[in-house]
Amino acid sequence: MTDLLDRLRALQVSSLCDADKSLPVVDPAIRALLTDTALTGPAVTVTCVDDHLPMFAALRAAAPGSVLVVAGAGGTRAVSGELFATEAHRRGLAGIVVDGLVRDLRGLRAIGLPVFARGTCPASGSVRDAGTIDEPVSFGGIVVSPGDVVRGDDDGLLIAPPARFAEIVDTAEAIEAAETALVAAMRDGADLHSLTTVDEHVAALRRGEPSALGFRV
């Protein structure tokens with residue numbers, strides 16, 4: 001698992017999506033609130049519906065390197081903010097992702113812990129519902145189970161079982177290496193069309209033949 005996580009950290013989320021077009025993508029409305037940040041780690045799930053009391057239990061249960069996956073179920077109040085992010089950072093968590101709202105954006109910037117959410121709201125919820133932790137949750141249109149791998153960057157979030165990522169990591173690495181070579185060649189003056197099989201691909205499609213776009217690098 002450690003080796004897989006290390007390999008995933010070196011890859012862009014887009015490369016993983018290219019390696020498997022059916023990989024579960026979290027609703028793009030849940031986005032990184034801090035730019036140039038990324039996170040990778042096993043999920044610790046928690047349900048918080050306009051009530052942030054469950055975050056205390058989730059933080060206590062989360063091991064270093066894990067990601068808090070907070071299911072907000074359409075709530076309209078912030079369920080996480082500077083205090084929880086500070087504690088998560090102190091405990092060595094990889095980040096917090098919220099299907100809902102957070103607050104204290106200025107404080108979050110200062111902490112630097114990766115946080116993904118649908119947006120911000122200055123008003124917090126109540127502290128009366130203990131909620132649930134480490135159970136499957138609905139998050140951003142997919143079902144997330146404890147221990148699923150969370151991988152996120154500026155492009156968005158992927159969450160899937162470790163085995164699903166293990167099946168595609170070799171392909172994703174090859175795709176990213178090829179695209180890196182393409183970009184380098186274009187910076188040296190080569191044009192994109194000559195570096196790909198786009199003309200042959202289009203011709204094959206017009207003939208009704210099966211085809212796939214390829215790279216010449």
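Before I show you anything, one convention for residue classes: Ala, Val, Leu, Ile, Met, Phe, Trp, Tyr, Cys and Pro count as nonpolar, Asp, Glu, Lys and Arg count as charged, and the others, Gly among them, count as polar.

Good morning, everyone. What you see is a predicted model, where local features need pLDDT of at least 70 and side-chain atom pairs count only at pLDDT 80 or more, while totals for chains, interfaces and linings use all residues. Residues are numbered from 1 along each chain as its sequence is written, and side-chain values use heavy atoms, with hydrogens and water left out.

Let's begin with the whole chain. Its secondary structure comes to seven helices and twelve strands; these are DSSP runs numbered from the N terminus, with helices being H or I of at least four residues and strands E of at least two. The C-alpha trace spans about 65 × 35 × 35 Å along its principal axes. Of the 217 residues, 44% count as buried; buried means under 20% relative accessible area, exposed means over 50%, and partly exposed lies in between, with a 1.4 Å probe and protein chains only. For contacts, meaning heavy atoms within 4.5 Å, we take those with a separation of 6 or more, and 69% of them join residues 24 or more positions apart.

Now to the spaces inside the model. We use a 1 Å grid over the protein atoms alone: a cavity is a set of points where a 1.4 Å probe fits but cannot get out, a pocket is an open set with protein on both sides within 12 Å along at least five of seven lines, and lining residues have an atom within 4 Å of a point. Grid points are joined across faces, edges and corners, and a volume is the space filled by probe spheres set on the points.

How many cavities of 30 Å³ or more are there? The count comes to one. The largest cavity has a volume of about 40 Å³, and Ser80, Gly81, Ala85, Ile96, Val102, Leu108 and Val115 line it. By class, that lining has five nonpolar, two polar and no charged residues.

The largest pocket has a volume of about 160 Å³. Its lining includes His52, Phe56, Glu82, Arg103 and Asp104. Helix H4, residues 82-90, gives the most to that lining, with three residues. By class, the pocket lining has five nonpolar, four polar and three charged residues.

Let's stay with aspartate 104 for a moment. You will find aspartate 104 in the loop between strand S5 (101-102) and helix H5 (105-111), and at 32% relative accessibility it counts as partly exposed. Its phi is near 65°, a positive value in a residue other than glycine. For background, most residues other than glycine have a negative phi. Aspartate 36 also has a positive phi, of about 55°. That residue lies in the loop between strand S1 (31-32) and strand S2 (39-47), and aspartate 36 is exposed, with a relative accessible area of 71%.

My last stop is serine 66, in the loop between helix H3 (54-61) and strand S3 (67-71). Is serine 66 buried or exposed? Serine 66 is buried, with a relative accessible area of 4%. Not counting residues up to four places away in sequence, serine 66 touches Pro42, Val44, Leu93, Ala94 and Gly95. The C-alpha atoms of serine 66 and glycine 95 are separated by 7.3 Å, although the two are 29 residues apart along the chain.
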